[in-house]
Amino acid sequence: MSAKIPYKTYLPESRMPKAWLNLKAFMPEDHAPFLNAATGKPCSAAELEGVFCGECVRQELNSTDKEIEIPEGIRSFYANFRPSPLVRAYFLERELDTPAEIYYKFEGNNTSGSHKLNSAIAQAYYAKEQGLKCLTTETGAGQWGTALAMACAFYGLDLKVFMVKTSYEQKPYRREVMRTYGASVTPSPSDTTNAGRQLLSRFPGTGGSLGCAIAEAVEEATRTPGCRYVLGSVLDHVLLHQTVIGLESKAVLDMYGVMPDTVIGCMGGGSNFGGLIAPYMAEKLQGANNIDFIGVEPASCPSMSRGRYAYDFCDSAKITPLAKMYTLGCGFMPSPDHAGGLRYHGMSPVVSKLYHDGYMRVEAVKQTEVFAAAERFARCEGILPAPESAHAIKVAVDEALKCRESGRKKVILFGLTGTGYFDMAAYKCFNDGTLKDYIPDEADLARGFSFLPSVKEQ
Ligand SMILES: *Cc1c(COP(=O)(O)O)cnc(C)c1O
């Protein structure tokens, strides 16, 4: 019956989501609140509004409304690149000779090349509505910076991007795309902020990290009038915006009577995964399904599978509030891994809580296996995947091969978050056979954990 679904399906305009899904309103228990590191007390909205846009703070703290309306101004921009296609991976199924049905939601069909535009456009819209003039942010692999540069260009806001130095050097064209959209781009750590200067003196010659770039961007935003900081993942309101991915996917699959057994996504800060699973997870939390949710992270930066569930700073300079999340410690310096967008020490508090409470599983995979899966996928499905997205491909392929072994027919849905055109240096290493698997040892992890702040939990 479901075999009749076309290769690609787009949700009809009349069924496009008009509201995001607030997963927190379905969770039996809210995750622990952000804490002010100085006082140890939960952060007030006013404190958060010094750093973030007002509407984003309201969304961040909202754990009661099940749906939050997507303003018309955002929906009209979404129409520029949404719906994104839901693809039945007929060619991959044939390649794997599996009885499994495999579907993926492809978020790479916009100039930023990833799902990040879903939240960038929302955050820029709210900044504009609030009368702000400028935004700052960090970017690792460059996708978030690009998405936000597009959004700021559209709404006429200035944007200053702190880009992790290794990516700044490895991906000069990504930097040029951001500048083309009008953003200014600074390699991080830089000597333009206190946080950057401190990091440089502690780790001379460091290639930087997302945590450090965040610290610089927050410092710049808080000292500049009319300016706020925006984050591309981790926070609850970003995850909220990413629920369009899951809402569109579920609406299309429902039209064809398809119900997934397994839903898989890669996890950097957890927003795309949280957004993809949201409508299905909301049902699971109400006892309406028993879907196997699998979050995939790199073995080089195993925040969930080997991290601690603890209060930690979101940045390495320890200037952000404390979040209760799975973390490797805010000073954890991940080894050079090519999936730049997944090299973050922490994880979304929502996803962390779901994992802690046993509603999902996590797998950590090695980058050589990830690139092998990426190429296998590219050769049959045609799309050149981002290395981050290929983490989900790797586990989807593994699950489909298990179906071949057992003869069990399963329905697998995974998130294909973006394209890999700016990652060809990484593909080159893989093709040349020089790509390495770095896996932190216990001493590396212990060093990271030594940065965890001691917090008395109420
Ligand atoms: C940023 C990024 C990710 C990680 O997304 P999170 O929502 O932070 O987990 C995955 N894939 C691509 C292509 C990205 O750009």
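Student: Why is Asn-118 called buried?

Tutor: This is a predicted model, so the value is computed from predicted atoms. Asn-118 has a relative accessible area of 0%. Buried means under 20%. The value meets that cut-off, so Asn-118 is buried.

Student: Where is Asn-118, and what does Asn-118 touch?

Tutor: Asn-118 is in helix H5, residues 117-129. Leaving out residues up to four places away in sequence, Asn-118 touches Tyr-78, Phe-81, Arg-82, Glu-107, His-241, Gln-242, Val-244 and Ile-245.

Student: What makes the pair of Asn-118 and Glu-107 a polar contact?

Tutor: Their side chains meet at 3.3 Å. The limit for a pair of N or O atoms is 3.5 Å. The distance is within the limit, so the pair passes on distance.

Student: Now Thr-206. Why is Thr-206 called buried?

Tutor: The relative accessible area of Thr-206 is 11%. The cut-off is under 20%. So Thr-206 counts as buried. Thr-206 lies in the loop between helix H9 (194-202) and helix H10 (210-223).

Student: What does the side chain of Thr-206 reach?

Tutor: The backbone nitrogen of Gly-208, at 3.0 Å. Thr-206 also touches Lys-165, Pro-189 and Met-333, not counting residues up to four places away in sequence.

Student: What is the peptide bond from Ser-188 to Pro-189 called?

Tutor: That bond is cis, with omega near 5°. Pro-189 sits in the loop between strand S8 (184-188) and H9. The bond from Arg-82 to Pro-83 is cis too, with omega near 0°. Most peptide bonds are trans.

Student: What makes the phi of Asp-97 worth noting?

Tutor: Asp-97 is not a glycine, yet has a positive phi of about 50°. Most residues other than glycine have a negative phi. Val-234 also has a positive phi, of about 70°, and is not a glycine.

Student: Are Asp-97 and Val-234 buried or exposed?

Tutor: Take Asp-97: its relative accessible area is 56%. Exposed means over 50%, so Asp-97 is exposed. Val-234 has 5%. That is under 20%, so Val-234 is buried. Asp-97 is in the loop between helix H4 (90-96) and strand S5 (101-106). Val-234 lies in the loop between strand S9 (227-229) and H11.

Student: How do you know that helix H14 is mostly covered?

Tutor: Six of the eight residues of H14, which spans 349-356, are buried. They are Pro-349, Val-350, Val-351, Ser-352, Lys-353 and Leu-354. Their cover includes helix H11 (236-241), helix H13 (271-285), strand S12 (308-313) and strand S13 (322-327).

Student: What caps the N-terminal end of H14?

Tutor: Ser-348 does. A side-chain oxygen of Ser-348 lies 3.1 Å from the backbone nitrogen of Val-350. Just after H14, Gly-358 has a positive phi of about 85°.

Student: Which residues come nearest to the ligand?

Tutor: Of the 19 residues around the ligand, Lys-116, Ser-233, Gly-268, Ser-271 and Thr-417 do.

Student: How much of the ligand does the protein bury?

Tutor: Taken alone, the ligand exposes 380 Å², and the protein buries 98% of that. The ligand takes the space of the largest cavity. H13 and helix H16 (387-406) each give two or more residues to the shell around the ligand.

Technical notes. Residues are numbered from 1 along each chain as its sequence is written. This is a predicted model: local features need pLDDT of at least 70, side-chain atom pairs count only at pLDDT 80 or more; totals for chains, interfaces and linings use all residues. Side-chain values use heavy atoms; hydrogens and water are left out. Buried means under 20% relative accessible area, exposed over 50%, partly exposed in between (1.4 Å probe, protein chains only). Helices (H or I, at least four residues) and strands (E, at least two) are DSSP runs, numbered from the N terminus. Contact means heavy atoms within 4.5 Å. A polar contact is a pair of N or O atoms within 3.5 Å; within protein, one must be able to donate a hydrogen and the other to accept it, and residues adjacent in sequence count only if both atoms are side-chain atoms. A residue is near a molecule or strand if one of its heavy atoms lies within 4 Å of it. Accessible areas come from the Shrake-Rupley method with a 1.4 Å probe; for residues, only the protein chains shown count as cover. On a 1 Å grid over the protein atoms alone, a cavity is a set of points where a 1.4 Å probe fits but cannot get out, and a pocket is an open set with protein on both sides within 12 Å along at least five of seven lines; lining residues have an atom within 4 Å of a point. A molecule sits in a cavity or pocket if more than half of its atoms lie within 2 Å of its grid points.
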